[in-house]
Amino acid sequence: MLEQAAGKPLQGIRVAMLMTDGVEQIEYTSPRSFLEEHGATVVLVSPKPAGAEVQGFNQLQPADTFKVELDVADANPTDFDGLVLPGGVANPDQLRMSKEAIEFIRGFPVEEKLVAAICHGPWTLIDAGIATAKHLTSWPSLKRDLTNAGAEWTDDEVVVDARLVTSRKPDDLPAFNDALLKELMMAPGTDPGPTS
C-alpha cells in the first residue's frame, strides 16, 4: 500500500510485451517506460529464445536492438495481468506466422485481462480470433482486414472495448498509455462497457 501511495499504482502487476524484428521502437519503449514508472513489471516476450536480440525500427530505419526476456513458447498468459502488442509493419506480420505467438495472444480473455495493440499490432488480433465483434482502431491500412474479420473500426486515437485497448499510431501513445494504466488498475473481470 505504501508503494501505491508513492505513485506506483501498478505494483505487483505483470505485463507481457509480445514482439519480434521490425517492431516500431517507440511503440515498445514508450509503453514499457510508462508502465515501469507506475510500478508494473514488464517482460519482452518473443518467438525467439531468451537472450536473443529483437531489431527495432524508427519507421523504415533500423534503430536499437532489445534483448528477449522470455521465449513465447515458454510463456503462459496466466502469469500476466496484461498483454501489449506494439506495431511496425514487419513485427506483427511475422508474429502472425508464429503458432506459439497466436496461441499466447488467444490465452488472454479480453473480458478479464488487458490486451492492447497499437498501429499495425491489431493485425495479430485477427489470427487470434479476438477482433470479431469488437470495436477497435489501428493504422488506417488495416481497416479493411479488421472489418473483414468482423470488427467495428473507427478512426479514434484510442478505443476501449471490454479490456481491449487499440490506438492508431505513435502520436496516440499518450492516450494509449493512459488507457493501459486505467485498465490495469481495474479489477480483473470488471467490464465498464465499450468506450471510445
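Modeller: What follows starts with the sheet, moves to the helices and the core, and ends with the aromatic and charged pairs.

The model is a predicted one, and the description should be read with that in mind. In it, 7 strands form an open sheet with mixed pairing, in the order β6-β3-β1-β7-β8-β12-β11. The edges are taken by β6 (70-71) and β11, each of which has a single partner strand, so one side of each is left without a neighbour in the sheet. Within the sheet, β1 and β3 run parallel and are joined by 5 bridges, and Met17 stands opposite Leu44 in β3. Helix α2 packs on the sheet, where it touches β1, β3, β7 (82-85) and β8, its direction making about 150° with that of β3. Helix α7, for its part, lies across β1, β7, β8, β11 and β12 and runs at about 175° to β8.

The largest nonpolar core has 30 residues, of which Leu35, Val84, Val165 and Phe176 touch the most other members. At least two residues of this core come from each of β1 (14-18), α2 (25-37), β3 (41-46), β8 (114-118), β11 (158-161) and α7 (173-185), and α7 gives the most, with 7 residues. Val84 shows how these parts meet: leaving aside its neighbours within four places in sequence, Val84 is in contact with Val15, Ala16, Met17, Leu18, Leu35, Ala116, Phe176 and Leu180. As a general point, nonpolar side chains tend to be buried together in soluble globular proteins.

The aromatic side chains can be taken next. The structure holds 3 aromatic pairs. In one of them, Phe80 and Phe104 are edge-to-face, with 6.1 Å from centre to centre and 90° between the planes. Because Phe80 lies in the loop between β6 and β7 while Phe104 belongs to helix α4 (residues 99-106), this pair ties together parts that are 24 residues apart in sequence. Phe80 counts as buried at 1% relative accessibility, and Phe104 is buried with a relative accessible area of 2%. The rings of Phe104 and Phe108 have their centres 5.2 Å apart and their planes at 85°, so that pair is edge-to-face. Phe80, Phe104 and Phe108 form one aromatic cluster.

The charged side chains complete the picture. A search of the whole structure finds 10 salt bridges. Arg168 takes part in a salt bridge with Asp155, in which the closest N and O atoms are 3.0 Å apart. Since Arg168 lies in the loop between β12 (164-167) and α7 and Asp155 in the loop between β10 (152-153) and β11, the pair ties together parts that are 13 residues apart in sequence. Arg168 also forms a salt bridge with Asp172, the closest N and O atoms being 2.9 Å apart. Arg168 counts as buried at 15% relative accessibility, and Asp172 is buried with a relative accessible area of 2%. Elsewhere, salt bridges that share partners join Arg32, Glu36 and Glu69 into one network.

Conventions:
Residues numbered from 1 in each chain as written. Predicted model: local features only at pLDDT ≥ 70, side-chain atom pairs only at ≥ 80, totals over all residues. Heavy atoms only, no water. Core = buried A, V, L, I, M, F, W, Y, C linked by side-chain atoms within 4.5 Å. Buried < 20%, exposed > 50% of the residue type's maximum accessible area, 1.4 Å probe, protein only. Helix = DSSP H or I, 4+ residues; strand = E, 2+ residues; numbered from the N terminus. Contact = heavy atoms within 4.5 Å. Salt bridge = Lys/Arg side-chain N within 4 Å of Asp/Glu carboxyl O. Pairing = 2+ DSSP bridges. Axes fitted to C-alpha atoms, helices over the stretch in contact; angles between N-to-C directions. Phe/Tyr/Trp six-rings, centres within 6.5 Å; stacked < 30°, edge-to-face > 60°.
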